[in-house]
Amino acid sequence: GPTMTDTDTTQPDGQTDNQSKRPAGRQSVPIEQRIDDAIILMEDLADLLDEETDAIHQHDFQRFTELQADKVDLATEYQSLVGRLQKRQTEIKQLPEEMQQALRAAAQRLDVSMEDNDRQVDTARRGTRSIIDTIIEAARKAVATSDAYTEEATPPEKNPKNSGAVSIDE
């Protein structure tokens, strides 16, 4: 009812208009509150993306994996919030300039984080072949028995340093 939106007197007719189309109470959250939520959510998502970008950069696969569930949750929450905000464009345009600017700043920061993240994920995907090869190689060495390992290392053409021909390096 009107008690919840008392503080938001900018557009009483637009407010009730919206409420007739939407389930009651859903739209009664003051737009300022929605914007605050959006800014916090965008900052959280940007932080998480930055952290994921770092994890990929440092090949910290465990950290990367831990972040995935939160990423899905935040992205889903963000999507539905953006959907709600799009329906309230008129109200957003009537907000104080500094609030609109804060929203734009948060959106811009999120864009930058998304671009960096995309770039890093892309680079990692291209490099994944070699990363996976390296991991498999390391795993192979870890599980290999000493005989199997020396067997693999003996062919001189593969590893000249171990062939005993020291003169190659001089």
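User: In this predicted model, where buried means under 20% relative accessible area, why is R34 called buried?

Analyst: The relative accessible area of R34 is 9%, and because the cut-off for buried is under 20%, R34 is classed as buried.

User: What makes the contact of R34 with D37 a salt bridge?

Analyst: The closest N and O atoms of R34 and D37 are 3.9 Å apart, and since a salt bridge requires a side-chain nitrogen of Lys or Arg within 4 Å of a carboxyl oxygen of Asp or Glu, the pair qualifies. Both residues belong to helix α3 (residues 31-57), where being 3 residues apart separates them by about one helical turn.

User: Why is D37 called partly exposed?

Analyst: D37 has a relative accessibility of 28%, which falls between the limits of under 20% for buried and over 50% for exposed, and therefore D37 counts as partly exposed.

User: How do you know that R63 and E51 form a salt bridge, and which helices do they come from?

Analyst: Their N to O distance is 2.3 Å, which is within the 4 Å cut-off. R63 lies in helix α4 (residues 61-86) and E51 in helix α3, so the pair ties together parts that are 12 residues apart in sequence. R63, at 28% relative accessibility, is partly exposed, and E51, at 33%, is partly exposed as well.

User: Are R88 and E91, which form a salt bridge, buried or exposed?

Analyst: R88 has a relative accessible area of 2% and E91 has 5% relative accessibility; because buried means under 20%, R88 counts as buried, and so does E91. Their closest N and O atoms are 2.8 Å apart.

Technical notes: Residues numbered from 1 in each chain as written. Predicted model: local features only at pLDDT ≥ 70, side-chain atom pairs only at ≥ 80, totals over all residues. Heavy atoms only, no water. Helix = DSSP H or I, 4+ residues; strand = E, 2+ residues; numbered from the N terminus. Buried < 20%, exposed > 50% of the residue type's maximum accessible area, 1.4 Å probe, protein only.
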